[in-house]
Amino acid sequence: ARLTLSCDQACTPTCCLDARRQRSSSRAREQSHSSWSHTLPLSALGSAMETALAIATGILGGILAILFVSLILCFAYAAWYGNSLHGPHDGWLIHAVGFKVHSLFMSVVTRVLITFRGVTFAMDGEAKHRAKEQERDRAEADKADPEKAEGPICFYGDSEFSCWHNLRTDMQNWSTDCLNAGFGGSRSCDLIRHADKLCFKWRPRMVVLHACGNDWDFRSRVLDNERRRKKLLSRVCENMVKLVRESLAQPSVHKVLLLFTARRSTYCDAKWQYMCEYASRMREALLDFGGAAECVDLREVPHDVSVHYRADRVHLNVEGHAHKATILREMLRKLQTDAADADAAEADAAERVAQHVADAKRASAKLAETKLGDKS
């Protein structure tokens, strides 16, 4: 106000120009001071946020890298473990990592395969490997006995047979021509899909089946209620009944046997209950096939974990399979004896019926002759 008043009193152009310059410079100083006071905290906050984001990104990237490397290690171990099962003895790595680490690795691989629908792809690879081994085994069998009149006895199923590397030797006292058609990890649906290539192709005279455990292990959902568990059980039983029916439909197959084996120490109570219910249902279902399909129950066969199992505590070793074969041979001989006795009894009954019919015909003819003589 004083500046304006003095300007009006002086009425000189130079004075007015200086006043304007003073006002504009003071206003500019105020604005620059205000902007500096506000921009300094915001820039500091933005820098702190950028630093925190960089740290979080680095931590997340490190975690993802660790998970990726861990998955690679798990799958590499699983591939090595699968190859070791193709031989009769355990490799050194499973003893080095220990049973707990082995179980952790295999559970991770199993869950990844289930999540990304890779189980079928893995089973196709196992079936392909078994087909190559069969070609070699059958070539050797044909050289040993080129004039075989009948086909082999085919053991078709999961790792219960695929890890039985001395099957032909162990079962030689019962049959000299046994064919191993098992491939590890196979589910009931996998057995149906590869039956023609691994089993029916060789025109077997008898088929021995084993399955159902891997259907539980590779299930896509947690069986947290009774409805889901019964649904899985029904699907497995339907698949196995279908496989039995397809086996008996082959012209060369005269008999189908369904094998039930002992509980493993790694089985939880829920899985063992499921397998027992499967055995009960299949035993009832096979009654519809008459004597053409029967069950062979080895669930009560004792096995020593420290002697008869491999390091994974799931698969039998050479000694365990030999012990199982001893009991299995006796049970199969008993089945054959019972079947032979039944056939003999049936033949005797048929012969007696035929004899009664012949006696009745002779008596009728004799009576007719007597009546004719009386009339004459």
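Leu 85 is buried in this predicted model, with a relative accessible area of 13%. Buried means under 20% relative accessible area, exposed over 50%, and partly exposed in between (1.4 Å probe, protein chains only). Leu 85 belongs to helix H2 (residues 13–85). Helices (H or I, at least four residues) and strands (E, at least two) are DSSP runs, numbered from the N terminus. Residues are numbered from 1 along each chain as its sequence is written. Rings of Phe, Tyr and Trp (its six-membered ring) pair if their centres lie within 6.5 Å; planes under 30 degrees apart count as stacked, over 60 as edge-to-face and the rest as tilted. Eight aromatic pairs were found by this rule. In one of them, the ring centres of Phe 155 and Trp 164 are 6.0 Å apart and the planes stand at 75°, so this pair is edge-to-face. Phe 155 is buried at 0% relative accessible area, and Trp 164 is buried at 1%. Elsewhere, ring pairs join Tyr 77, Trp 80, Tyr 81 and Phe 105 in a cluster.

Two rings also carry a charge over the face. The criterion is NZ of Lys or CZ of Arg within 6 Å of the ring centre and within 35 degrees of the ring normal. Lys 324 places its charged end over the ring of Trp 164, 4.1 Å from the centre. Arg 313 lies over the face of Phe 99, at 4.0 Å from the ring centre.

No disulfides were found: the count is zero, with a disulfide taken as a pair of cysteine sulfur atoms within 2.5 Å. For Cys 276, the nearest cysteine sulfur belongs to Cys 212 and is 9.4 Å away. Cys 276 is partly exposed, at 25% relative accessibility. Cys 74 is buried, at 5% relative accessible area.

A cavity is a set of points where a 1.4 Å probe fits but cannot get out; a pocket is an open set with protein on both sides within 12 Å along at least five of seven lines; lining residues have an atom within 4 Å of a point. Grid points are joined across faces, edges and corners, and a volume is the space filled by probe spheres set on the points.

The whole structure holds three cavities of 30 Å³ or more. The largest cavity has about 70 Å³ of space. Its lining includes His 210, Cys 212, Trp 272 and Arg 299. Helix H12 (269–285) gives the largest share of this lining, four residues. Strand S4 (255–260) also supplies at least two. By class, the lining of the largest cavity has eight nonpolar, two polar and one charged residues. Here Ala, Val, Leu, Ile, Met, Phe, Trp, Tyr, Cys and Pro count as nonpolar, Asp, Glu, Lys and Arg as charged, and the others, Gly among them, as polar.

The second largest cavity has about 60 Å³ of space. Cys 163 and Trp 164 are among its lining residues. This lining divides into five nonpolar, four polar and two charged residues.

The second largest pocket has a volume of about 470 Å³. Of its 22 lining residues, Arg 219, Ser 220, Arg 221, Leu 232 and Arg 235 are the closest to the centre. Helix H11 (226–248) is one of the elements that give two or more residues to this lining, and H11 provides the largest share, six residues. The lining of this pocket has seven nonpolar, six polar and nine charged residues.

Notes:
This is a predicted model: local features need pLDDT of at least 70, side-chain atom pairs count only at pLDDT 80 or more; totals for chains, interfaces and linings use all residues. Side-chain values use heavy atoms; hydrogens and water are left out. On a 1 Å grid over the protein atoms alone, a cavity is a set of points where a 1.4 Å probe fits but cannot get out, and a pocket is an open set with protein on both sides within 12 Å along at least five of seven lines; lining residues have an atom within 4 Å of a point.
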